[in-house]
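Subject: Structure for you to look at

Hello,

Here is the structure I said I would pass on. Please open it beside this email and follow along.

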Amino acid sequence: MTPRWPERLWLVRHGQSAGNVARDKAHEAGQRRIDLSARDVDIPLSDLGRDQSRALGRWFAEGEEGARPNVLMCSPYLRARQTAEIFRDAGGCRASLPLRLDERLREKEFGILDGLTTMGVRTEEPQQAELRLLLGKFYHRPPGGESWCDVIFRLRSLLDTVGLHHGGCRVMIVAHQVVVLCLRYIIEGLTEEEILAIDAEGDVANCSITEYRFAETGEGDGEMKLIRYNTIAPMVADQTPVTSNPDAIAGSRG
């Protein structure tokens, strides 16, 4: 019988992006909007983000072949694609491994709040700021955007695809902070309170590793066991600076 889960599953947030850098500058300057002229989907990695992606690839390259991915899935956003490509070029997986883009792995969509800083949301969209406080980030859906529930809905479909086509494989998914957290919510069967508590403990670091391994159960179906979460070992080993960007604003472009 074909396994319904991968043998191993790695969830990786992309390296630091130019959008992350612009966001920090906007906050420091007290601006309402992040200074970006390109679509969010087209925002590239920063130089540091490229270094982080190489560190990730080198760290996997030093492991055994059975500890490297043989399926590489990715958000179609440029910063995630670049992370996956640099990871592959640095030896993180075999050079000929195809990059499987899937739009269900895209960043959470912020709608009318996209690109606004915390101050910008309060001043330009005060009603949305109040609604977000009332509903919480899990359920709040800005006009034209998504709630965490919406992201979870598309990710459930994605995991069905992974199980159908890549059961028993070693799968790496390169995506975004909210995607990593929402996949944890699905795979581990968490509640709203549990996943938001994990989110509140700290941000998902750029190019950090969250790893699951398949384990047999008494019932015979098996399940994915969390091995590590938000591990920054590749950057530490490579002496590359670690960065993370919180989801504390609506348009963090993370």
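Which residues in α7 meet which residues in α8? On the α7 side they are Leu181, Arg184 and Tyr185, and on the α8 side Glu192, Ile195, Ile198 and Asp199. The axes of α7 and helix α8 (residues 192-201) come within 10 Å and cross at roughly 145 degrees. That crossing of α7 and α8 is right-handed.

Before the rest, please note that this is a predicted model.

The overall picture

The protein chain has nine helices and six strands. It has 254 residues, of which 51% count as buried. Take the contacts between residues at least 6 apart in sequence: 78% of them join residues at least 24 apart.

The sheet

Six strands make up an open sheet with mixed pairing, in the order β3-β2-β4-β1-β5-β6. Strands β3 (99-101) and β6 (223-231) stand at the edges; each has a single partner strand, so one side of each is left without a neighbour in the sheet. From one strand to the next, the twist averages 20 degrees.

Strand β5 (residues 209-215) and β6 run antiparallel and are joined by six bridges.

Helix α2 (residues 47-61) touches β1 (8-13), β4 (170-175), β5 and β6, and its direction makes about 35 degrees with that of β5. Helix α6 (residues 148-166) touches β2 (71-74), β3 and β4, and its direction makes about 160 degrees with that of β2.

The aromatic residues

How many aromatic pairs does the structure hold? There are six. In one of them, the ring centres of Phe138 and Trp148 are 6.5 Å apart and the planes are at 55 degrees, so the pair is tilted. Phe138 lies in the loop between α5 (126-135) and α6, while Trp148 lies in helix α6, so this pair ties together parts that are 10 residues apart in sequence. Both Phe138 and Trp148 are buried.

Phe138 also forms a tilted aromatic pair with Tyr185, at 5.4 Å centre to centre and 55 degrees between the planes. Here the two partners come from distant parts of the chain: Phe138 is in the loop between α5 and α6, and Tyr185 is in helix α7 (residues 177-188), 47 residues apart.

Why does Phe138 count as buried? Its relative accessibility is 2%, and buried means under 20%. Tyr185 is buried as well, with a relative accessible area of 16%.

Elsewhere, ring pairs link Trp10, Trp59, Phe60 and Phe87 into a cluster. One ring has a charge over it: the charged end of Arg184 sits over the ring of Tyr229, 4.4 Å from its centre. Arg184 is also one of the α7 residues that meet α8.

A buried glutamate

Last, look at Glu107, in the loop between β3 and α4 (118-124). Is Glu107 buried or exposed? Glu107 counts as buried, at 2% relative accessibility. From Glu107 to Ala175 is 68 residues in sequence, and the C-alpha to C-alpha distance is 7.4 Å.

Regards

Notes: Residues numbered from 1 in each chain as written. Predicted model: local features only at pLDDT ≥ 70, side-chain atom pairs only at ≥ 80, totals over all residues. Heavy atoms only, no water. Pairing = 2+ DSSP bridges. Helix = DSSP H or I, 4+ residues; strand = E, 2+ residues; numbered from the N terminus. Axes fitted to C-alpha atoms, helices over the stretch in contact; angles between N-to-C directions. Contact = heavy atoms within 4.5 Å. Phe/Tyr/Trp six-rings, centres within 6.5 Å; stacked < 30°, edge-to-face > 60°. Buried < 20%, exposed > 50% of the residue type's maximum accessible area, 1.4 Å probe, protein only. Lys NZ or Arg CZ within 6 Å of the ring centre and 35° of its normal. Left-handed = near helix turned anticlockwise from the far one by under 90°.
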